Amino acid sequence: MTQSAATTAPAAPLIKPKTSKDDRIMAGFILVISLYLLVTLAFPLYAMLSKSFSTYAFDLTNFEFQVNTGDGWSEPFSAAAQNEKIQKFKPEDLVTSSDGRLAPTDLFPDFSFRSPTLYKLRQVRGDTSFLFKTDRIDDTDWHEYNSNDFRRIVIRASADTGLDNFRTYFSTPALFRSIENSLFIAFLSTIITVSLAFGFAYAINRSTMRFKGLFRLIAMIPILVPSLLPGIALVYLFGNQGMIKGLLFGESIYGPIGIVIGSVFFTFPHALIIITTALAISDGRLYEAATALRTSRWRTFWTVTIPGARYGLISAAFVVFNLVITDFGLPKVIGGQYNMLAVDIYKQVIGQQNFEMGAVVSVVLLIPALLAFSIDRYVQKKQVAQLSARSVPFSPKPHKQFDRICLGYCTLVAIFIVGLIAVCQYAALIKFWPYNLSLSLVNYNFKVMDGGGWDSYINSIQLGLYTALAGTIVVFVGAYMVEKTNGFFATRSSFQFLAMMPMAIPGMVLGLAYIFFFNNPDNPLNGIYGTLAIMVICTVTHFYTVSHLTAVTALKQMDREFESVAASLKQPFHKVLSKVTVPVCLPSILDISIYLFVNAMTTVSAVIFLYSPDTTLASVAVLNMDDAGDVAPAAAMGMMIFYTNVGARLIHQFVSRNLVRRTQAWRGT
Amino acid sequence: MLKKLIKKSSLAACVAGVSMLAMSQSTLAVDLTVYTAVEAEDLARYAETFNKDHPDINIKWVRDSTGIVTAKLLAEKNNPQADVVWGLAATSLLLMKSEGMLEPYKPKGVEKLDKKFVDSGAVPSWVGMDAWVASVCYNTVEAAKHGLKPPKTWTDLLKPMYKGHLIMPNPNSSGTGFLDVSSWLQMFGKEQGGWDFMDRLHKNIARYTHSGSKPCKLAAAGEIPIGISFAFRGAKSKAQGAPLEIIVPAEGVGWDMEATAIIAGTSNQKAAQTLVDWSITRKANEMYNTGYAVVAMPGVAKPVEHFPPNLLDKMIDNDFEWAANNRKKILTEWLKRYDSKSDAK
């Protein structure tokens with residue numbers, strides 16, 4: 001605990017009280033932030049997990065009958081005994097959900113509603129109920145019915161815990177086939193995206209073509225729009241009334257084709273960033289050696305370039321895989337009949353109010369996401385060792401033909417990206433596609449559509465700003481505590497683990513977990529349910545990992561000597577933090593806040609279960625308007641998000657350039 | 001000068017008095033939290049008309065689509081936030097009734113309503129407002145391009161010429177989809193006939209949508225020429241200028257109603273009852289009639305523009321009790337038969 005004090009000053013006892021007070025405060029901070037992650041991540045996930053084990057089944061031992069066929073009432077007998085006798089229901093037939101109903105007449109093979117037989121029915125324990133017509137009867141008295149009324153009785157299921165939900169899931173082909181579909185789409189999209197992004201990154205890094213800066217900018221566009229926007233563009237391009245539907249040769253865009261094209265669009269920048277970084281760190285000396293040995297370009301590519309970038313490629317692949325398999329907006333818009341896991345969660349919860357099955361699908365979806373995440377972590381750890389201090393950056397030499405190919409390729413990709421966005425903007429301005437192609441702004445009259453109107457746009461901006469503000473503070477303080485404190489090794493490493501978790505948790509799963517956790521009357525935090533606050537918390541948590549890593553990287557650049565010197569000068573840690581650390585890390589802090597803002601504007605999956613009528617969001621409005629069939633207004637709102645994010649980026653650029661000039665002058669010298 | 005001052009001050013006093021009066025009135029006013037699935041554009045009008053008679057009750061709307069409002073109410077089962085539900089599908093209210101979430105109440109004048117629109121309990125748990133009725137939206141322009149003839153009956157839709165030109169909502173996510181399926185089962189046979197019909201219909205369906213209004217909007221936009229949806233939506237799209245014909249199949253059409261109920265555990269019992277009382281008055285029914293052709297009070301409804309004239313006669317005698325109590329079974333069976341990739345097309 002006093003290790004640094006001991007190393008910096010021999011007169012340790014003198015300084016000790018000061019540092020240990022600091023340490024205590026910092027320990028307090030770590031605890032608060034760890035608690036934050038526990039409450040916003042671990043507890044909700046636990047609540048969801050336990051929900052997936054909460055089952056409903058018909059408890060036949062809980063119901064007793066008496067029958068009177070005209071010669072007096074029989075002895076009471078239980079429904080379970082009757083079932084045993086006639087061998088009607090197997091145990092698996094009795095598993096259901098909270099809205100399951102079972103008609104007791106099924107237990108009487110010779111039942112006829114015309115017969116004069118009288119029936120009595122009662123519940124043994126008062127923990128469930130039965131319905132007569134639609135009236136609920138939950139007492140434990142005997143109730144008598146003639147046979148015509150008896151057929152209008154249904155008994156309800158009682159709650160239990162167990163694995164039954166999972167059994168039901170895996171015995172429903174329509175449900176578990178989604179696993180196969182999701183994996184297939186994710187694999188295919190990953191392969192295509194990574195190849196395309198690699199080509200693009202290769203062209204930018206290894207050629208001397210023109211317009212590199214422009215291409216870089218264009219490639220980042222998809223980050224600025226919700227993932228479902230490409231889906232809407234594809235409908236206008238390849239739908240039955242599409243502009244160029246002929247290109248699909250009669251195939252339907254609704255289904256795997258649409259999902260894959262859209263997925264490639266929205267994951268492209270994520271893959272590109274990682275691969276560009278990987279290519280940029282390749283060692284130029286290896287290429288010099290290859291040229292000296294007169295190795296062909298082709299051979300150099302396979303023996304030097306690919307192995308050098310392999311960790312980046314693997315990492316990009318897993319990131320893309322995870323993004324695609326957990327995305328919900330795109331398959332919902334263009335998936336047609338093709339079921340995917342993320343959409344199933346939505347269908348179970350919103351369509352059937354079957355929260356338990358929603359939780360089961362969430363658990364299933366978590367598995368591939370967690371797997372991809374842990375492999376990626378493992379690979380990334382290895383990559384660090386590959387860098388050497390003596391590496392020389394590679395600088396490409398002009399090669400006319402190669403440059404021309406690169407330019408052509410990048411232009412094609414750029415046309416794809418800009419094209420989809422332009423189609424959305426065009427569609428938003430058309431009065432009534434395809435019958436009235438005059439330009440108008442009617443589609444911007446959001447008030448008369450589902451989704452919350454312009455208010456939702458304002459709400460989204462608020463969410464973005466609050467998320468950026470609160471998130472940046474929480475993330476940076478958290479990273480600071482992990483990076484710069486002494487001791488508390490166990491707390492710090494468990495915090496580090498918690499901070500990495502959100503990347504593996506699909507947004508929908510997190511959102512659903514928040515319902516279970518926060519919408520519980522026993523939860524003291526129940527009050528934030530349905531407010532903007534819960535969405536801010538959810539969004540910050542959802543995007544915690546990348547922000548945390550950015551902050552940690554920035555902090556790692558700073559020598560720990562600063563803290564040691566401050567300690568020896570008897571300066572409290574917060575003075576170093578505010579006077580030195582924060583100003584030095586300012587560019588990264590701004591990056592974190594713009595990252596959080598942009599994502600809060602575009603995210604759908606994390607907030608789809610959490611918004612309330614007062615807190616509708618623009619991104620959710622895009623989804624809901626498309627869902628209601630108002631596709632053009634959905635495109636219009638999507639483009640509003642795009643322009644807002646572009647604006648935010650420009651402001652970010654302007655602010656950071658000015659601030660950098662003021663705070664980062666030391667870097668230049 | 002003095003006069004002016006007196007005038008001024010008396011005016012000020014007047015203003016103060018009025019504003020105090022207004023304040024005292026607003027403090028007396030009750031806030032009612034009302035959950036609803038009524039179209040957003042109608043809500044302000046509903047509240048305004050109600051407030052003309054009851055200015056002391058202030059409605060706080062919580063609006064979303066039927067599925068989401070139902071999910072929300074069920075999620076809040078042990079911690080209800082709503083006082084009243086005004087304008088939610090009867091099927092959803094039946095589900096809530098079976099959970100014991102509704103407070104039975106016999107509103108004044110309930111005997112004037114069509115019996116179909118009142119819950120069968122001795123003290124009704126809910127009362128209906130209006131009906132929304134299934135219909136087929138038929139895009140004449142696109143259909144002509146494909147050489148289709150307008151269908152007259154549900155069984156017409158089974159003809160091979162409609163293959164791939166038909167779209168309908170998924171009953172697992174849409175209330176409209178469920179009322180279609182439950183009506184076919186009631187018309188063509190609950191055990192066998194209905195499923196046979198859907199087996200054959202499934203071959204013609206291009207895909208199933210999540211929401212009930214989307215098929216009609218897609219038909220209006222020409223994306224798919226024929227959308228199985230509901231009449232209200234079709235009339236609206238037609239009013240917007242879409243080349244639509246709203247077809248009511250001859251066998252009859254399914255329907256569900258929007259209904260009103262008091263949530264058990266409300267702390268504003270009296271205001272809630274006032275609202276429910278008002279919600280079944282003639283005035284309220286006339287108000288529903290501006291959008292819906294069929295309302296709970298007989299003799300009130302006037303024809304609504306763009307609605308097919310024979311709609312009323314074609315509404316089936318819907319057995320809500322059967323539909324509600326078999327919902328789970330029907331949806332499971334539907335899922336098994338149609339909602340998986342290998343079976344599609």
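This briefing covers a helix pair in chain A and a domain contact in chain B. The model is predicted. In chain A, helices α20 and α22 pack with their axes 9 Å apart. In chain B, the domain assignment gives two stretches to domain 1, 31-131 and 256-302, and two to domain 2, 133-255 and 315-343.

**Helix pair in chain A**

- Helix α20 of chain A spans residues 544-556, and helix α22 of chain A spans residues 573-602.
- The angle between α20(A) and α22(A) is about 175°; angles over 145 degrees count as roughly antiparallel, and therefore α20(A) is roughly antiparallel to α22(A).
- On the α20(A) side, the residues that meet α22(A) are V546(A), S547(A), T550(A), A551(A), A554(A) and L555(A).
- Their counterparts in α22(A) are C585(A), S588(A), D591(A), I592(A), Y595(A) and L596(A).
- By class, the residues of this contact between α20(A) and α22(A) comprise eight nonpolar, three polar and one charged.

**Domain contact in chain B**

- Between domain 1 and domain 2 of chain B, the C-alpha centres are 27 Å apart.
- The contact involves twelve residues of domain 1 of chain B and eleven residues of domain 2 of chain B.
- On the side of domain 1 of chain B that touches domain 2 of chain B, helices α3 (66-75) and α4 (90-98) of chain B each contribute at least two residues.
- Helix α4(B) provides the largest share of that side of domain 1, with four residues.
- The side of domain 1 of chain B that touches domain 2 of chain B consists of seven nonpolar, four polar and one charged residues.

Definitions and conventions: Residues are numbered from 1 along each chain as its sequence is written. Chains are lettered from A and ligands numbered from 1 in the order in which they are written. This is a predicted model: local features need pLDDT of at least 70, side-chain atom pairs count only at pLDDT 80 or more; totals for chains, interfaces and linings use all residues. Axes are lines fitted to C-alpha atoms, for helices over the stretch in contact, and angles run from 0 to 180 degrees between N-to-C directions. Angles under 35 degrees count as roughly parallel, over 145 as roughly antiparallel, 65 to 115 as roughly perpendicular and the rest as oblique. Two residues are in contact if their C-beta atoms, placed from the backbone, lie within 7 Å. Ala, Val, Leu, Ile, Met, Phe, Trp, Tyr, Cys and Pro count as nonpolar, Asp, Glu, Lys and Arg as charged, and the others, Gly among them, as polar. Domain bounds come from an automatic or database domain assignment.
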